Amino acid sequence: MRGVFYLDSNNLQYFGGKATAPVVLAFLPTAVHDMEVVDIDEVEKQLTEFVTTNKLEPAETVMILAPTIYFTKELTVEKKPEEQQAEKTLFLENVPVSELASREYTVLKKTTVVATNQELYLTISDLLQKHKFTVTAVVPAFTLAGTNATGFSTALAQQALKQFTSLKQASFTLKDVNEEIVRPEEQLFETHEKSNNRLFIMLGLFGILVGVLIIVIMLQRQSKANKGVEPTPTLAPLGTANTPPSPIVTTEPTVDPALRETLEVQILNGSGISGQADEVAAILRDLGYEQIETGNATGVDSPQTLIVFKPSVAAFFREEIVASLEASFGEISTRENTDINVDISITTATSAEN
């Protein structure tokens, strides 16, 4: 079954089904006024009474908008497209409705822009769906009668029924039939709810970012603490007798033995025994140390052979040299010093064993 609704500024008319003439629903001013929906609950109440009283049966319908609820503007043909667009934009900006819907209709090479209040026809369409009426198209009377359109009549309704299918192509925008109508107070609540949800999401994301930042800072501090300067062993001053060897600081787990060739070694004879520095040099050369210079120490009187390392010398080389010399010179004293001119400085003891 098909039917036609005719929406005017203060009434809604229907033709279809068993009706031989249009039936009319006059809107109260408290429900619809000046093309605007004033009270949607009142509109729904009136519409329910209208359908029930007239025993209207569900139907597939089109809705015709009366000339009193839409505005038209014929675009100047002689103007360029961009000028016509500017003309159209100016027209639409001055249409006094809350929710604008517009379409262009071209007849005999003349383009007319039609604008209306979308809220009004969508509200009526949505309420009709509750009574099983399907509104498949909403068109201005202009599409059926041109600029000569006046009121609703049986002839206009019958014309609309004949062009029922083609009117869908000329329709204003319609919502999906499955969408439910949202009352103003529900829309306000939904808006507040969405705003609150967005606020909670933003606060949650901010909290996560703060947490991640704190973790990163803590990890960086921990990393810096782990990479702190290694403690320098306490070394006995020169000339102190019976001083136990200072601990050897391990700085690297693995060292390339070939690096021996790059270390500069100074050997000073502090015992007064001729050839002792050369003896130490021979031991180190057998290990692979090549950059060696020898000489005599002056003003040194220590019972232990003293080895001074630069901090950059790996523990592997320190331990190797100490172990090699202990066999020939007994107990060895070691220390670190950044001010020596070589990587390793060895001074033999006055009581060194031969």
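Asparagine 11 stands opposite alanine 26 in β3. The structure is a predicted model. Strand β2 (residues 11–16) pairs with β3 in the antiparallel sense, over 4 bridges.

- Five strands form an open sheet in the order β3-β2-β1-β6-β10, and their pairing is mixed.
- The edges are taken by β3 (23–26) and β10 (134–140), each with a single partner strand, so one side of each has no neighbour in the sheet.
- From one strand to the next, the twist averages 20°.

**Helices on the sheet**
- Helix α1 packs on the sheet and touches β2 and β3, its direction making about 160° with that of β3.
- Helix α5 (residues 154–162) also packs on the sheet, where it touches β1 (2–7), β2 and β6; the direction of α5 makes about 125° with that of β1.

**Helix α1 against helix α3**
- Helix α1 (residues 40–53) and helix α3 (residues 118–129) pack at an angle of about 50°, and their axes are 10 Å apart.
- This angle makes α1 oblique to α3, and the crossing is right-handed.
- On α1 the contact is made by Ile40, Val43, Glu44 and Leu47, and on α3 by Thr123, Ile124, Leu127 and Leu128.
- By class, this contact has 6 nonpolar, 1 polar and 1 charged residues.

**Leucine 56**
- Leucine 56 lies in the loop between α1 and β6 (60–65).
- Leucine 56 counts as buried because its relative accessibility is 14%, under the cut-off of 20%.
- Beyond its neighbours within four places in sequence, leucine 56 is in contact with Tyr14, Val23, Phe50, Val51 and Phe133.
- Leucine 56 and valine 23 are 33 residues apart along the chain, and their C-alpha atoms are separated by 9.8 Å.

Methods:
Residues are numbered from 1 along each chain as its sequence is written. This is a predicted model: local features need pLDDT of at least 70, side-chain atom pairs count only at pLDDT 80 or more; totals for chains, interfaces and linings use all residues. Side-chain values use heavy atoms; hydrogens and water are left out. Axes are lines fitted to C-alpha atoms, for helices over the stretch in contact, and angles run from 0 to 180 degrees between N-to-C directions. Helices (H or I, at least four residues) and strands (E, at least two) are DSSP runs, numbered from the N terminus. Angles under 35 degrees count as roughly parallel, over 145 as roughly antiparallel, 65 to 115 as roughly perpendicular and the rest as oblique. A crossing is left-handed if the near helix is turned anticlockwise from the far one by less than a right angle, and right-handed if clockwise. Contact means heavy atoms within 4.5 Å. Ala, Val, Leu, Ile, Met, Phe, Trp, Tyr, Cys and Pro count as nonpolar, Asp, Glu, Lys and Arg as charged, and the others, Gly among them, as polar. Buried means under 20% relative accessible area, exposed over 50%, partly exposed in between (1.4 Å probe, protein chains only). Two strands pair if DSSP finds at least two bridges between them.
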